[in-house]
Amino acid sequence: MIDAAFRCPVCASGDCTLHLTLTDRMFVTTDAVFPLVRCSGCGLLRLHPQPDAATLDVAYGRGYTPHERSGLSGRAKSWLERRSVRKLQRYLAAPRAVLDVGCATGDLLLAIRDTGNPNVTGVETGHDAAEVARARGLDVRIGDLQDAAFADAAFDTVILSHTIEHVPDPAATLAEVARVLRPGGALILWLPNVESIEARLLRSCWIGYDAPRHLTTFGVSTLRNALARAGLTVADVRHEAVGLEWAWALRLFARDRLPAAEPLLRRLHPLLIIAATPLAAVGALVGRSGRVRVIAVKAEG
């Protein structure tokens, strides 16, 4: 269908078709319905119309899980981030200047700093999360990447860890990343992959959609296209085997069909993730996992 109000942020097409109708399944902050449309020009998935500011303020309210650091889930998240830092030392070790966009409470920046690289900076739109990061001794700017107004070629590495799906204009964000990266610098992204087995089978129970917080949903192919338009070239794609999506899908199914079981499943959530990891590993083996890590580079000179 052609919608005069729709404009793809990547290819500027005004033509889209309905892909799914979503609700806030994970945190139930609203009973509103959010149409997810597919751009007919490049295939990008996007909430249309976009949620208003009031809806998003509530959706990111206190208790938003990615900003929590306590409990077993918080410790597991910290362990995974430190493991990632060890594996990515080529891009994160001193003297490289590293920027984490959407750094939340700064766990990843702390992990990088603890390896001996003090040249770390963060950007975070959530005021409370940013203040927690600052209290931990980190240089974190409050606002979006454009608000920070960094100098050209200020960083050797930029990180977007489950951030690109949240920004209202991903093309503008990637263009700004390219501007602040030095020639030869690297962008590291983690994000949900709509071209995954999980997305195909779990449909509206796939947390990669996470309306209304996820404004745009990428597959590897649409992300590659968006990066190329920003002047960045994909150097590596890693499909990760994490059972998180299957664990959440079981909980969401229980909410609908067996509500009395959901509190127990919530307490068992970390164990469910571990138990579901073999399922996620199947997707990773065939290059169709629900979570991917992508490394893109800016050309030299």
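Two strands pair if DSSP finds at least two bridges between them. Leucine 36 stands opposite leucine 47 in strand β3. Both belong to a predicted model, where local features need pLDDT of at least 70, side-chain atom pairs count only at pLDDT 80 or more, and totals for chains, interfaces and linings use all residues. Residues are numbered from 1 along each chain as its sequence is written, and side-chain values use heavy atoms, without hydrogens or water.

**Overall build**
- The protein chain has 12 helices and 11 strands. These are DSSP runs numbered from the N terminus: helices are H or I with at least four residues, strands E with at least two.
- The radius of gyration is 19 Å, close to the 19 Å of the globule rule for 301 residues, so the chain is as compact as a globular protein of that length. This radius is taken over C-alpha atoms, and the rule is 2.2 Å times the number of residues to the power 0.38.
- The C-alpha trace spans about 55 × 45 × 40 Å along its principal axes.
- Of the 301 residues, 50% count as buried. Buried means under 20% relative accessible area, exposed over 50%, and partly exposed in between, with a 1.4 Å probe and protein chains only.

**The sheet of 7 strands**
- This open sheet runs in the order β6-β5-β4-β7-β8-β11-β10, with mixed pairing.
- Its edge strands are β6 (139–142) and β10 (232–240), and each pairs on one side only.
- Neighbouring strands are turned by 20° against each other on average, direction ignored. Axes are lines fitted to C-alpha atoms, for helices over the stretch in contact; angles run from 0 to 180 degrees between N-to-C directions.
- β10 pairs with β11 (residues 291–298) in the antiparallel sense over 8 bridges. Glutamate 240 has arginine 291 in β11 as its bridge partner.
- Helix α7 (residues 170–180) packs on the sheet and touches β7, β8, β10 and β11. Its direction makes about 145° with that of β8. Contact means heavy atoms within 4.5 Å.
- Helix α9 (residues 220–229) also packs on this sheet, touching β8, β10 and β11. The direction of α9 makes about 155° with that of β10.

**Leucine 223**
- Leucine 223 sits in helix α9. It counts as buried, at 2% relative accessibility.
- Leaving aside neighbours within four places in sequence, leucine 223 is in contact with Leu189, Leu191, Phe218 and Val294.
- Leucine 44 is 179 residues away along the chain, yet its C-alpha atom is separated from that of leucine 223 by 8.5 Å.

**The sheet of 4 strands**
- A second open sheet has the order β1-β2-β3-β9, with antiparallel pairing.
- β1 (16–22) and β9 (216–217) stand at the edges with a single partner strand each, so one side of each lacks a neighbour in the sheet.
- Strands β2 (residues 34–39) and β3 (residues 45–47) run antiparallel and are joined by 3 bridges.

**Histidine 214**
- Histidine 214 lies in the loop between α8 (197–202) and β9. At 7% relative accessibility, histidine 214 counts as buried.
- The side chains of histidine 214 and histidine 166 are joined by a polar contact of 3.4 Å. Such a contact is a pair of N or O atoms within 3.5 Å; within protein, one must be able to donate a hydrogen and the other to accept it, and residues adjacent in sequence count only if both atoms are side-chain atoms.
- A polar atom of the histidine 214 side chain lies 2.7 Å from the backbone oxygen of glycine 208.

**Helix α4**
- In helix α4 (residues 107–114), 6 of the 8 residues are buried, so the helix is largely enclosed by the rest of the structure.
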